Amino acid sequence: MSVLVYVENAEGKFKKSIFEAVSYAKSVAAQLDTSLIAISIGNVAQDELAKLAKYGANKTLNVNTEQLKTFVNQAYASVIAEAAKKENAEVVVLSNSFSGKGLAPRIGVKLEAAVISGAIELPDTTGGQFKVKRSAFSNKAFATVEATSKVKVISLTPNAYQVIEKAGEGNIEDFNAPVDQQDLKAVIKEVVRATDKVSLPDAELVVSAGRGLKGPENWGMIEELASLLGAATACSKPVSDADWRPHSEHVGQTGIAISPNLYIAIGISGAIQHLAGVSSSKVIVVINKDPEAPFFKVADYGIVGDAFEIVPKLIEAVKSLKANA
Amino acid sequence: MKILVCISNVPDTTTKITFNNDNTSFNEGGVQYVLNPYDEIALSRAVELAESNSGTVTVINVGEASTEPTIRKALAVGATDAVRVNAAPRDAYFVAQQIANYAKDKAFDLILTGRESIDYNGAQVAAMLGELLHIPSVSIIKKLNIEGGNAVVEREIEGGKEVLSIPLPIVAGTAEGVAEWKIPNMRGIMSARTKPLNVVEPISVEQLAQIVKFDTPAPRGSVKLIDAAEPEKLIDLLHAEAKVI
C-alpha cells in the first residue's frame, strides 16, 4: 500500500501549491501508516525533484520522456494511473489546479476510485472510514464526502493546507510507463504564461476592484498596490463583462473561486455571487464609500470612504512599511 | 456536425443555501431552479457552431421530471432535441456513466458540459465522459472553434493560457469567454414546446462515494472599521494584528 502524489511542474519548477499537496499527501500517508510516493512528469531538474523529499516524499518517480515533455491530459492521466497500480496506491493526491481538474476524474475512472475534488481538510480515517471535507455550492457551504471505493482520488484546493517540512530522505527513480498513441492526440499550438505577475489561483494576497473604480483607466493604483504587496489582481463580474479587465481576473460564482490569506475588495458592493467566490479567504478587507454595502457584513476590516482618496494613502503606507522592514 | 450538450438543473445563483434532515440534505424549500450558467455558455456556443456547420444540438439532462422546465429553456435557446435520463443525479460518476451510455453509439462529434455545476462544483463530468468514451477531454476552455476535423480550444492555465488542436470527437467543459449567454426569443420559446424530449431509463452504476454531511461557513466576527482619515492604520493592522502582510 502507498499514497501517490502527482507533482505538476510549471516550466520545470514546482509551485507552493505543489508542496502543499505533497505535505497533505504525507499527512494522509502517516494516517494510513504507509509511505508517500511522488510522480513527476515532464522535464524537471534533479535538484528540483530532490526538494520533494523535504516535504515527505519517500520516493519520486520521474517520467521525463520526449513524448510527455508537455502536458497532454489523457496521456498524463494514463501514466499516473499506471504508477498508482504499480505502487499499489490507496490514495492519489493532486493539486486542484487547472490541469489537476482535468486529470483527477480520468484517473478516478481508470482506478474505479471515488474522486473528491476541492478537498480542504485531511480525511477522517478513524475506524477504517474515509471522509473528506470539500467546498460545495460555490463556496457557500461544505460537503463531507465518504468514499467507499478501495482507491480514492483527492484534489486539494490551493492554499487550504500548509507546507510542512520534514527531515527525510527520498530517492528518485526513472519511471517509464508505455503511452498509447491514442492518448497523444491533443497538440499544443501555443502557450502564453505571464511570468512577471502572481497568478490569481495561487495567490496568497489578492487586490480586487469593482465598478466603484469607474473605468479601466483607473486601475493603475490597483496594480501598484498589488505589485507592492506581491499580490495578484482580481475584479468583479460587471468589470470583466464590460471588458475593463480580462475574464481570467473575474472572481465569483461564475468566475473563479479563490482562498487567499488576504482579499482586499475595493469599490465592490458584495453581491452574493461575488461573495461565493471569495468567502473562504482568511482575511477580508473592504473599502467602499457606501456604509450599507453588503460586503462589510462578511469583512474583517473595513474603511468607509472614497477609493480614490484611500488607495493612494495605502500605497504610501505599504511603501513605508517596506522601508522600515 | 452532431453536438451533445450536458445540462444540469441547479439552484439560482442568488439562493441562500440551507440544509435539513440533520444537515444531510439540501433544503429545496422555496428554491428557484435554473439551467446551470456554465452549461448555458456551452449551449450557446453549441448553437452557434451548429448554425455555421449545419449541425444539430442535442441536450441531455440526468434528472427527474421536475427538471423539464430547464430542459425546455435549453430547447428555447436553440437545441434541436432533448433527452432526459430519468433518475436523480446522485453524483458526477453516476451522471457521467448515464451520459456515456447514451452517447456511446450516437457518433457525436463534440460533447460539451459547463466547466462545473454551481451546486456541487465537482468539475468532473467532462473528464469522466472522455475517459468512459475513450476520447480526449479538456476540462476548462475559454474559446472553442472548429477547423476542419479539429477542435481548436483555448484552455486556462495558472497565469496564462494554452491553445490546443485536437481531432474530433472531444469532450470539453466550457467557461466564460466561449460564448455570450443567449436569451431565448419568442419564436424559440414557442417552438421549444413541440421539440422532441425523449425520456430514457437509467443504467445501474456502482456507488463509490456519498455526501454524509453538509456545513455552512462559520460567520465572521463583526467588521473592524478604520477611520477613512487614517487609512495607514489598516496597513498596520494587517501587518501587526492579522499578520498577513
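The largest cavity in this predicted model is lined by 20 residues, and those that lie nearest its centre are A:Phe71, A:Asn73, B:Ser137, B:Val138 and B:Arg155. Its space comes to about 170 Å³. Two or more residues of this lining are given by each of α3 (73–86) and α4 (98–110) of chain A, and by β9, β10 and β11 (160–167) of chain B. The largest share, four residues, comes from β9(B). By class, the lining has nine nonpolar, six polar and five charged residues.

A cavity is a set of points, on a 1 Å grid over the protein atoms alone, where a 1.4 Å probe fits but cannot get out, and lining residues have an atom within 4 Å of a point. Grid points are joined across faces, edges and corners, and a volume is the space filled by probe spheres set on the points. Nonpolar covers Ala, Val, Leu, Ile, Met, Phe, Trp, Tyr, Cys and Pro; charged covers Asp, Glu, Lys and Arg; the others, Gly among them, are polar. Helices (H or I, at least four residues) and strands (E, at least two) are DSSP runs, numbered from the N terminus.

As to conventions, residues are numbered from 1 along each chain as its sequence is written, and chains are lettered from A and ligands numbered from 1 in the order in which they are written. Because the model is predicted, local features need pLDDT of at least 70 and side-chain atom pairs count only at pLDDT 80 or more, while totals for chains, interfaces and linings use all residues; side-chain values use heavy atoms, with hydrogens and water left out.

Let us turn to β9(B). Is this strand, residues 137–147, mostly covered or mostly uncovered? Eight of its eleven residues are buried, that is, under 20% relative accessible area with a 1.4 Å probe and protein chains only. Which strands pair with β9(B)? Strand β12 of chain B (residues 170–174) pairs with it in the parallel sense over three bridges, and there B:Ala172 is the bridge partner of B:Val138. Strand β10 of chain B (residues 150–157) runs antiparallel to β9(B), joined by six bridges; B:Lys143 has B:Glu154 as its bridge partner. Pairing requires that DSSP finds at least two bridges between two strands. In the hairpin of β9(B) and β10(B), with two residues between the strands, B:Gly148 takes a positive phi near 65°.

Finally, the second largest cavity has a volume of about 50 Å³. Its lining includes A:His247, B:Lys142 and B:Glu156.

Methods:
Buried < 20%, exposed > 50% of the residue type's maximum accessible area, 1.4 Å probe, protein only. 1 Å grid on protein atoms, 1.4 Å probe; cavity = no way out; pocket = protein on both sides within 12 Å on 5 of 7 lines; lining within 4 Å.
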